[in-house]
Every structure is written in C-alpha cells, then in structure tokens.
Amino acid sequence: MQHPRCQNCHTSGDAPRQSDRGSAHQPPVRRGPEGKGVGAMQCATCHLEQNARSPTLRREVPGAPGWRMPPPEAPMVFREAEPRALCEALKDPDRNGKRSREQLGRHMTEDALLAWAWNPGAGLARPPLTRDEFNAAAIAWLRAGAPCP
Ligand code: HEC
Ligand code: HEC
C-alpha cells in the first residue's frame, strides 16, 4: 500500500501521479466524478486493458481493465497516510467503497488494477514482496480480525 505502484492511484488531490518518484501525471488529467477522468481526458483513452507501447510517445503506457482512480466520494488515499490511519481506513466501509472484510479480501487477491502493480512494464519498480506473499499477508491479516498497528 505504501509503494508508488499503489500510491500513484491512491493519492490525495484531484489527479493521479506517475513514476517511482510519484511525480505529477503528464499530461495533466483530473479524477472526475467517477475517477475515470473528465471530458476528452478519459483514463481509458490512453490506458488500455494491458500495457501497450504508444506510437506517438514511443514508450509503454500502463494498462489494465477499468483503469481509473478511486472516486471523489471515497478517494482511498494511501499516500502519506500513517500505517495506523491507513489500516483503519482500509476496513472502514464508509471509506473503503462500502466493502465488507470478505469483499476487501476478494478485492486484494483478485482486482485487476491492484494486480497490475506486479506487471507494470515501462521499467517501473514492483512492490517489494511477491504477489503470492501479498495475498498470503492480506488473508492472514483479515483472518486475524484485521488488527491495526
Ligand atoms: C490504476 C489505479 C490503481 C492502482 C494502480 C491501484 N489501485 Fe487500488 N483501487 C483503485 C480503484 C479505482 C479502487 C476503487 C474500486 C471501487 O471501489 O470500485 C481501488 C480500491 C482499492 C482497495 C479497496 C478499498 C480500500 O481502500 O480498502 C484496496 C485495498 C486497494 N485498492 C489496494 C491497492 C493496492 C495494494 C495497490 C498496489 C499493489 C493498488 N490498490 C493499486 C485503483 C488503483
Ligand atoms: C492523454 C493520455 C492519458 C490520459 C487521458 C491519462 N493518462 Fe495516465 N498516463 C499516461 C502516460 C503516457 C503515462 C506514462 C507516463 C510515462 O511513462 O512517463 C501515464 C501514467 C499513469 C500512471 C502511472 C503509473 C505508475 O505507477 O507509474 C497512473 C497511475 C495513471 N497514468 C493514471 C491515470 C488516470 C487515473 C487517468 C484518468 C483520470 C489517466 N491516467 C489518464 C497517459 C494518460
């Protein structure tokens, strides 16, 4: 959750971030009412269902089905959140997209945007644990009653 692959979507403010440094997204885009962009700047116009080399930019543009950031009413901000606050927010249905613990577990182990972090392309770093390790840790955390540090 504290890795740039997650935090570039799970960020504060009104725009995603990019790169291992979490820089401002180029071109400037906006979250929009559903997290999918505004007007002609729809996320899915550039971000396809898989990573794809852009003919104009001549580099890989990240992609996964349903590419978007969380919606404004539940922005799910991981960036710069203290571990305890982040943990509390994750399991709070008012802030996590109305997910039960079971739904949270399914999201963490099956979601395509989350899974993309382990196949980011474009020379981007992966999270410091494997996907299997992440899934095992998420399940163990939920089974233990989702305790917070
Ligand atoms: C491309 C953008 C994107 C990336 C990358 C991404 N997420 Fe998300 N994430 C979302 C969106 C959008 C939602 C909300 C989906 C919904 O509620 O319909 C979400 C929801 C979640 C949720 C459930 C809500 C919550 O806060 O409890 C968790 C947990 C989560 N993401 C974890 C991660 C982790 C961990 C990573 C990195 C390994 C990651 N995400 C990477 C876009 C992203
Ligand atoms: C006009 C094209 C375009 C639009 C529209 C667009 N993006 Fe991007 N996005 C890019 C490109 C190109 C990159 C890769 C930047 C690079 O490699 O320098 C990128 C990178 C990203 C990254 C960085 C991934 C990482 O971890 O480094 C995220 C997150 C992202 N975009 C989210 C979004 C979201 C969310 C939207 C809609 C609100 C959106 N983008 C709309 C072109 C676009």
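Guide: Let us begin with a definition: a polar contact is a pair of N or O atoms within 3.5 Å; within protein, one atom must be able to donate a hydrogen and the other to accept it, and residues adjacent in sequence count only if both atoms are side-chain atoms. This is a predicted model, in which local features need pLDDT of at least 70 and side-chain atom pairs count only at pLDDT 80 or more, while totals for chains, interfaces and linings use all residues. Residues are numbered from 1 along each chain as its sequence is written, chains are lettered from A and ligands numbered from 1 in the order in which they are written, and side-chain values use heavy atoms, with hydrogens and water left out.

Visitor: With which side chain does the side chain of asparagine 51 make a polar contact?

Guide: The partner is the side chain of tryptophan 116, at 2.9 Å. The side chain of asparagine 51 also reaches the backbone oxygen of asparagine 119, at 2.9 Å.

Visitor: Where is asparagine 51 found, and is it buried or exposed?

Guide: Helices (H or I, at least four residues) and strands (E, at least two) are DSSP runs, numbered from the N terminus. Asparagine 51 is found in the loop between helix H2 (43-46) and strand S5 (52-53). Buried means under 20% relative accessible area, exposed over 50%, and partly exposed in between (1.4 Å probe, protein chains only). Asparagine 51 counts as buried because its relative accessibility is 17%.

Visitor: Which residues is asparagine 51 in contact with, leaving aside its neighbours within four places in sequence?

Guide: Contact means heavy atoms within 4.5 Å. With those neighbours within four places left aside, asparagine 51 is in contact with Glu60, Val61, Pro62, Gly63, Trp116, Asn119, Pro120 and Gly121. Glycine 63 is found in the loop between strand S6 (60-61) and H3, and at 6% relative accessibility it counts as buried. Leaving aside neighbours within four places in sequence, glycine 63 is in contact with Leu48, Glu49, Gln50, Asn51 and Trp116. The C-alpha atoms of glycine 63 and alanine 117 are 54 residues apart along the chain and separated by 10 Å.

Visitor: How many salt bridges does the count come to?

Guide: Side chains of opposite charge can pair when their charged atoms come close. A salt bridge is a side-chain nitrogen of Lys or Arg within 4 Å of a carboxyl oxygen of Asp or Glu. By this rule there are six salt bridges. One of them joins arginine 30 and aspartate 14, with the closest N and O atoms 4.0 Å apart. Arginine 30 lies in the loop between strand S2 (23-24) and strand S3 (37-38), and aspartate 14 in the loop between helix H1 (4-7) and strand S1 (17-18), so the pair ties together parts that are 16 residues apart in sequence. Arginine 30 is partly exposed at 43% relative accessibility, and aspartate 14 is partly exposed at 39%.

Visitor: How many residues apart in helix H3 are glutamate 88 and arginine 84?

Guide: Glutamate 88 and arginine 84 are four residues apart in helix H3 (residues 83-90), which means that about one helical turn separates them. Their side chains meet in a salt bridge of 3.4 Å, N to O. Glutamate 88 is partly exposed, with a relative accessible area of 29%, and arginine 84 is partly exposed at 46%.

Visitor: At what angle do helix H4 and helix H6 pack?

Guide: Two packed helices are described by the angle between their axes and the distance between the axes. Axes are lines fitted to C-alpha atoms, for helices over the stretch in contact, and angles run from 0 to 180 degrees between N-to-C directions. Helix H4 (residues 101-110) and helix H6 (residues 131-143) pack at an angle of about 175 degrees, with their axes 9 Å apart. That makes H4 roughly antiparallel to H6; angles under 35 degrees count as roughly parallel, over 145 as roughly antiparallel, 65 to 115 as roughly perpendicular and the rest as oblique.

Visitor: Which residues in H4 and H6 meet?

Guide: Arg101, Leu104, Gly105, Met108, Thr109 and Glu110 in H4 meet Arg131, Phe134, Asn135, Ala138, Ile139, Trp141 and Leu142 in H6.
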